[in-house]
Amino acid sequence: VAIIGGGAAGSAAALTLLRAGVGPVCIVEKSDFSEPRIGETIPPDANHLLYQLGVKSAFAAQQHLPCYGSHSLWGSRQLGHNDFLTSPFGHGWHLDRVRFDKMLLDHAVAGGATLIASKVNAIEADDDCITCVRVSRDSIKARWYLDATGRAAILSRACGVARLFDDRQTVIWMRFRVADRLLGNATWLEAVPYGWWYGAELPGNEAIVALGTDPQLAKSGGLYNMRAWAAALSGTDLVAPQIARAQMIPNSFRVTASHSYVTKKAIGANWIAIGDAASSFDPLSSAGIYKALSTGRRAANAVGSTTTVEAYQTYVEESYSDYLRMKAKLYAAEDRWNDHPFWQKRLRQRV
């Protein structure tokens, strides 16, 4: 089995395959894990997935920050609260995402996976079948290929598979240095006329603040400029006061696409799309990492079984439909700015 992409989805698939005695397994990963990664919150039920993957102890040793819920200004000017006290899986977590992803990959390699530290140079496909993946001067031929390349989805796109988009957003984010526990063990969320702001404390005396908005609104508002972004942040009622004593980390200003889409086909003759290669959720769902781990496990369990592979396709479709219903409910709960383009668009989107 060749897994293209060594992030959370790819590593979860490798760990599942190896624990089931399926192999040999190779992972192709181009990153050296030196760049910060966005996507740092996992919900309580991710704890069970980490246990199933056999990495719960290693995860605990990394000392990520517990997340007990969220505080929000959403739908009114009255502060709202949502906590995880009733969850049977305990609390969620705010991660050092780079260390988390690297831990998963290291465990997969320690378990027997071969790591090929390289980018993919070419993909050879015959209709719906991957025949070869070329890296550096080598060629990889496998019985099964798992597409864990995130939004790039290079395997499924090489087979001509399109994606169905339901929303196009951009997330503009920056990391901050904090001297004390400014935000505490919670996520901070604030709706504004042009989108929403998000804040969370991270391990290592850091915090992340992100703005989610439409790409065209970001461009027209000059929000791709760090100073304009910071000025907009200073006008928030909830997030700005929480981050007031923090210091911006130089050169940490980033822009990331956060579109909502599902691939029209998550399985092929000998390939399976997992993680963001299969579907992508709005970051407000806090489900991206969970989805990566879950689809990685399910796809690995499906390898070699036609019936189970088809069931995986159904799972991707149904999970995305559930997500769209949740997303519609979330955005409909904010009705203060229905005449603004950002909110108008989300009220019109399909469920």
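Modeller: The chain exposes about 15,500 Å², of which carbon and sulfur atoms supply 51% (Shrake-Rupley method, 1.4 Å probe; for residues, only the protein chains shown count as cover). This is a predicted model, in which local features need pLDDT of at least 70 and side-chain atom pairs count only at pLDDT 80 or more, while totals for chains, interfaces and linings use all residues. Residues are numbered from 1 along each chain as its sequence is written, and side-chain values use heavy atoms, with hydrogens and water left out.

The secondary structure comes to 11 helices and 22 strands (DSSP runs numbered from the N terminus: helices are H or I with at least four residues, strands are E with at least two). Of the 351 residues, 52% are buried, that is, under 20% relative accessible area with a 1.4 Å probe, protein chains only.

The second largest pocket holds about 620 Å³ of space. A pocket here is an open set of points on a 1 Å grid over the protein atoms alone where a 1.4 Å probe fits, with protein on both sides within 12 Å along at least five of seven lines; lining residues have an atom within 4 Å of a point. The volume is the space filled by probe spheres set on the points.

Its lining has 25 residues, and Ser70, Asn82, Leu284, Ser285 and Ser286 lie nearest the centre. Strands S5 (69–73), S6 (80–83) and S15 (187–192) and helix H10 (306–332) each supply at least two lining residues.

Technical notes
Buried means under 20% relative accessible area, exposed over 50%, partly exposed in between (1.4 Å probe, protein chains only).
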